[in-house]
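I opened the model today to look up its fold, its helices and its surface. My entries follow in the order I made them.

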Amino acid sequence: EIEVDDKGVPVSKESAHNRLLFTGGCVDLSGGKIRKLESLKIAQFASAMDHQGKNPVILLNLKQITGITCREFEDAVLRNMRHLYATYPYLNQYVMNNFTKKNCQSCIVDNIKLKNSLYFLSKLLFHHFKRTVYIFVDDFDTPILNAYLKFGGKSEEFRDVCEMIYKFIRKALRNNQYLERGILTGTFHFGWMNEILSISDVRHSSIVDMTFSK
């Protein structure tokens, strides 16, 4: 992730705090306190550390997405997107020609289709930083599981929620020229997702893989 100031200007390497979480060092806490962090093993791998601070990152969590109708599921995702846009106030400058300054982030999401909103945010970040974007969607399958528990697997409402989530993610990850890499986390086995999302070049990882047991 690229650390920035209030105006969206990347901070210097010396002023960045995220890197200290890996390399170790002293971090200023609230109340004037200071905490010393120990370095992590990943800091020993230059190839991994070289990626830090190079690309903008979008992190979206769908864990709390639920409802009693398909519309409520959709509204819940939309609220998440509004909150996400609000964390990038410096992107307002790229949409001032089309939206008013007041509640600009909400205007953006209200005036574009939900399925395009994550893609559009990656586009804005690319234009700001001139670098491709990482998109992390955490618990992407939770809305689908919640819809299954609420409506049953054969109901029209369940199919509508699934299609809404699939279109939302598919637009952001498939053929997105602003994307560096997309990462989805969840409990589903992802083998069948390739066909549904129509995304090629997919790599599946699990906590039971030997790579993560070392």
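This is a predicted model: local features need pLDDT of at least 70, side-chain atom pairs count only at pLDDT 80 or more; totals for chains, interfaces and linings use all residues.

**Overall fold**

I counted 8 helices and 5 strands in the protein. Helices (H or I, at least four residues) and strands (E, at least two) are DSSP runs, numbered from the N terminus. Read along the sequence, I get the pattern α-β-β-α-β-α-α-α-β-α-α-β-α. Residues are numbered from 1 along each chain as its sequence is written, and side-chain values use heavy atoms, without hydrogens and water.

Of the 214 residues, 36% are buried. Here buried means under 20% relative accessible area, exposed means over 50%, and partly exposed lies in between (1.4 Å probe, protein chains only).

**Helix H3**

I checked the length of H3, residues 70-86. Its 17 residues should span 24 Å at 1.5 Å a residue, and the end C-alpha atoms are 25 Å apart, which agrees. The expected span is 1.5 Å times one less than the number of residues. I listed the buried residues of H3: Cys70, Phe73, Ala76, Val77, Leu78, Met81, Leu84 and Tyr85.

How many salt bridges does the structure hold? I found 1. The criterion is a side-chain nitrogen of Lys or Arg within 4 Å of a carboxyl oxygen of Asp or Glu. Aspartate 75 pairs with arginine 71, and their closest N and O atoms are 3.1 Å apart. The two sit 4 residues apart in helix H3, so about one helical turn separates them. An α-helix has 3.6 residues a turn, so residues three or four places apart point the same way. I noted arginine 71 as exposed, at 57% relative accessible area. Aspartate 75 is partly exposed, at 27%.

**Helix H5**

I ran the length check on H5, residues 114-129. The 16 residues should span 22 Å at 1.5 Å a residue; the end C-alpha atoms are 24 Å apart, which agrees. Its buried residues include Leu114, Tyr119, Phe120, His128 and Phe129. Lysine 130 follows H5, and its phi is positive, near 60°.

**Surface patches**

I took patches as residues with over 30% relative accessible area and no salt bridge, joining like charges within 9 Å and nonpolar side chains (Val, Leu, Ile, Met, Phe, Trp, Tyr) within 5 Å. Lys and Arg count as positive, Asp and Glu as negative; His and the chain ends are not counted. Each charge is placed at NZ of Lys, CZ of Arg, CG of Asp or CD of Glu. Accessible areas come from the Shrake-Rupley method with a 1.4 Å probe; for residues, only the protein chains shown count as cover.

Which residues form the positive patch? I found Lys113, Lys115, Lys167, Lys171 and Arg174. Arginine 174 is in the loop between helix H7 (156-173) and strand E5 (179-184). It is partly exposed, at 35%.

The negative patch gathers Glu156, Glu157, Asp160 and Glu163. I placed glutamate 156 in helix H7. It is exposed, at 53%.

Leu40, Ile42 and Phe45 form a nonpolar patch, with about 280 Å² of accessible area together. Leucine 40 is in the loop between strand E2 (34-37) and helix H2 (46-49). It is partly exposed, at 43%.

**Strand E5**

Is leucine 184 buried or exposed? I have leucine 184 in strand E5, buried at 18%. Its C-alpha atom is 9.8 Å from that of leucine 60, 124 residues apart along the chain.
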